[in-house]
Structures are given as C-alpha cells and as structure tokens.
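Subject: Structure handover

Dear colleague,

Here is the structure I said I would pass on. My notes on it follow below.

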Amino acid sequence: MDNEVQTTRGQGTGDGREANGGRRQGFDTVALHAGQEPDPTTGAVVPPIYQVSTYKQDGIGGLRGGYEYSRSANPTRTALEVCLAETEGGARGLAFASGLAAEDALLRAVCRPGDHVVIPNDAYGGTYRLFAKVAEPWGVAFDPVALGDVDALRGSLRGDTKIVWVETPTNPLLGIADIATLAQVAHDAGALLVVDNTFASPYLQRPLELGADVVVHSTTKYIGGHSDVIGGALVAADAELGERLAFHQNAMGAVAGPFDAWLTLRGIKTLGVRMDRHCANAERIVEMLVRHPSVRDVLYPGLPGHPGHDIAAKQMRAFGGMVSFRMESEEVAVRVCERTELFTLGESLGGVESLIEHPGRMTHASAAGSPLEVPADLVRLSVGIEDVDDLLHDLDRALA
Ligand SMILES: *Cc1c(COP(=O)(O)O)cnc(C)c1O
C-alpha cells in the first residue's frame, strides 16, 4: 500500500490543509498538520484547549468563525475532526465521547425501525451488545455473519438491509475481510459499507479508498494511543452523508469534550511511528509463539498460513500490533494472563504499554452463549512499544 494520503478540503470552520502545489503529502505530515494551523491570534503551534461552552455574537447571528455553542462545534474538536477526515481520506470527520457513541449516532442516522443490518460474527462485544440490546428492541434487525465468506454475506442480504458492518482485523480472532469486495456486494444490495478501523488505524489501512462509505473508530485505542482518553470517531467518504451524521452528532449530543479532543489530537501525531513499532514488536512475538511447544495456535494475519493473509497483505501496510493465541485449555490460558509482569492484565488495547487479557472472561464475557462466543483457551495481546527483548522474556516466563 502506498505511503500517501489524499488531503481533503477543510470542513466546517476548520482550515483544511492545502498540499503544496497539489502534491500529495505523506501520512505523518498530514497527521501532524491537518486542521492544526498555528493559532491565528497567538501563533501557538498546537491548537489550544478551547474549554468553553458558548461564544460572543457580534449582533444576533454574527458568529466569529462559525462557533455558537460547543455541542454544535468547538475549535479544538474541529481541529481533531479535520485531522481525522484527512488521515482517513474522507470528506467529513466527527469526534464523539466514545467509540460506542459514534456507532450509535451512525446507526440512528442511517437506520429506521424495520431496517436490517449485517454485522461480523466476531464483532467487538460492545458493538454486538449495541445491536442486540439497543438497536433490536428499537426495531432494527441484525444478523451476525462470517464476513470472510462473501457468499455467506450475499445470502444474508435483504431488501431492507441498510448497513454491512465490517471489522478487519476482527477482535479478538483477527479474522480478515476483503473491504473492496464487500463494498461492491453491499452497494449492489443498496446498503452502505461501514468499516470499524480501530484495530488497523488509518496508518495501516484506509477503507474509504477501497470503497467503504463510513469508517468508525474507537479513538480510545491506537489513535489516542496512551490509555488516557475515551473517544470515538466517524469519517464519511462523501459530504452529504457527513452532513447527515453531523446533524445526528449535534442532535444526540455525545460529542468529544475539548480536553479529550486535544489528547486524541496529540496522540494522532505519533500514530505512524507508534504503529511501526507495534507491528515490528508483534512480528517478533509471533515468531516466538509459533515455535513455543505449549502454544496450540497463533492467530495473526501476518502469518502466511492465516486464511486472510493474502487479503491483509493487499489492503494493509503491515499486520498490526494485536496477537491472539490458543493454549491447551481455559485453565492454562487464564494462568498465562495472570503470570505476565510487563504485559499488564487489562481490557482495552492500542496503548503504548503492552496488555494481556482473557477474552472469554473479560472483553467478550457478554458474548457468552451468543453466536459471538469466543474460545475459552484464547489469550489476546495488545503488543506495546517497549523493548521487544523485555516483552519476549516476560511472555517466555509466563508460558513456562
Ligand atoms: C473498544 C472498541 C470499540 C468501542 O469503543 P469505546 O471507545 O470503548 O466506546 C469499538 N470497536 C472496537 C473494535 C473496539 O476495540
């Protein structure tokens, strides 16, 4: 995948970054500068935290820079939203209080009671819960489908299917779906293709360039990157859909606050350099796990034997920092999770520090007994950016 992203025009009242002479800029340049022109009044080189709810009007309706009330728009949030749009190559970015708030706004903007949605059969547990416990009682039906299997998707589409929801790589089984193919199948059926790009991040994968209509993020994870902020994002490929989503963002109100937007923006600046190290460390750890006698199976799209390897190689820059593996039993898997020292036992992922968890009892406990139940002998790693020899030593000790 090439290293360039298309810069888009600015949105709202933010200043989009114009590429010099129309030249396409590299990912890291865009992440560092899009939406982040030096402050016009002070020259501050990073956007200030506009911790403010309302704005003086010069006569009724006379808005300076378009801001009237911070639920509708706030300059710090605008900076983040422009940056998100440009790093994903979309027309419009929107920042929310959490990933699930972003998902909820998208769902309500696109679906009405009576509609149908397809989700991955190993979707993030919170996404499954949103559809099963909130959307379905509201009247939106859904089917979990194995989206690595295009025929299974075709068979599940209905006349009233409004969204095909994809995660790739999936959480926690690291399954891969072919974004370009699924976009065609969804569009042929009159549905939108939505891609939850949380695991890959826009540095590794840009779904909108492959035909997706909307990208969803839990910016809590790789984009924020430091385990210190909860946030979510939507990026729409086209401005008209972006406007509809923005209406729902304002009408429903689950926006990112100024400080959270600022932390997330600070995180996105180093996304590229962090991801390079996450991926390099994960590859070394995978090599060790594959050879380890007590590890039964390693799930990582970078392995040539992984069923989605060729598609991942085509649509991702590298294979990511998430690694899952299976032990001989639930008991052994739980013991490994409790014995590491550098890998902290905890939920979440994508931060600079390494985490380990047991999905069956932790992140995916709410999927027990559902079609999304995960194997009990599974361990999930979020490989951080520590010195890899220290991480290898820690795991080796815990597996012994
Ligand atoms: C964490 C996560 C979410 C939910 O995001 P929150 O910020 O926790 O609300 C959605 N999708 C994926 C893949 C996630 O990992």
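For the helix packing, an axis is a line fitted to C-alpha atoms, for helices over the stretch in contact, and an angle runs from 0 to 180 degrees between N-to-C directions. Please keep in mind that this is a predicted model.

Helix 2 and helix 9

With axes taken that way, helix 2 (residues 75-88) packs against helix 9 (residues 258-269) at an angle of about 35°, and the two axes are 8 Å apart. Their crossing is left-handed. On the helix 2 side the contact is made by T76, R77, A79, L80, C83, L84 and T87, and on the helix 9 side by P258, A261, W262, T264, L265 and I268. Sorted by class, the residues of this contact are nine nonpolar, three polar and one charged.

Helix 3 and helix 4

Helix 3 and helix 4 (residues 125-138) also pack at an angle of about 35°, here with their axes 11 Å apart. The crossing of helix 3 with helix 4 is right-handed. Helix 3 contributes L100, E103, D104, L107 and R108 to the contact, while helix 4 contributes G126, T127, R129, L130, F131, V134, A135 and W138. This contact has seven nonpolar, two polar and four charged residues.

The ligand

Which residues are closest to the ligand? They are L100, D196, S218, T220 and K221, out of 13 residues that surround the ligand. Helix 3 (residues 99-110) supplies the largest share of that shell, with three residues. By class, the shell divides into three nonpolar, seven polar and three charged residues.

- G99: a polar backbone atom is 2.9 Å from an oxygen atom of the ligand.
- L100: a polar backbone atom is 2.9 Å from an oxygen atom of the ligand.
- K221: a polar side-chain atom lies 2.8 Å from an oxygen atom of the ligand.

On its own the ligand has 380 Å² of accessible area, and the protein covers 93% of this.

Backbone points to check by eye

Where are the cis peptide bonds? One joins T168 and P169, with omega about -5°. Another runs from N171 to P172, with omega near 5°. P169 sits in the loop between strand 6 (161-167) and helix 6 (179-188), and P172 is likewise in the loop between strand 6 and helix 6.

Positive phi values turn up at two serines. S227 has phi near 50°, a positive value in a residue other than glycine, and is placed in the loop between strand 8 (214-218) and strand 9 (232-236). S348, which is not a glycine either, has a positive phi of about 75°. The loop that holds S348 lies between strand 12 (344-345) and strand 13 (355-357).

Best regards

Note on methods. Residues are numbered from 1 along each chain as its sequence is written. This is a predicted model: local features need pLDDT of at least 70, side-chain atom pairs count only at pLDDT 80 or more; totals for chains, interfaces and linings use all residues. Side-chain values use heavy atoms; hydrogens and water are left out. Helices (H or I, at least four residues) and strands (E, at least two) are DSSP runs, numbered from the N terminus. A crossing is left-handed if the near helix is turned anticlockwise from the far one by less than a right angle, and right-handed if clockwise. Contact means heavy atoms within 4.5 Å. Ala, Val, Leu, Ile, Met, Phe, Trp, Tyr, Cys and Pro count as nonpolar, Asp, Glu, Lys and Arg as charged, and the others, Gly among them, as polar. A residue is near a molecule or strand if one of its heavy atoms lies within 4 Å of it. A polar contact is a pair of N or O atoms within 3.5 Å; within protein, one must be able to donate a hydrogen and the other to accept it, and residues adjacent in sequence count only if both atoms are side-chain atoms. Accessible areas come from the Shrake-Rupley method with a 1.4 Å probe; for residues, only the protein chains shown count as cover.
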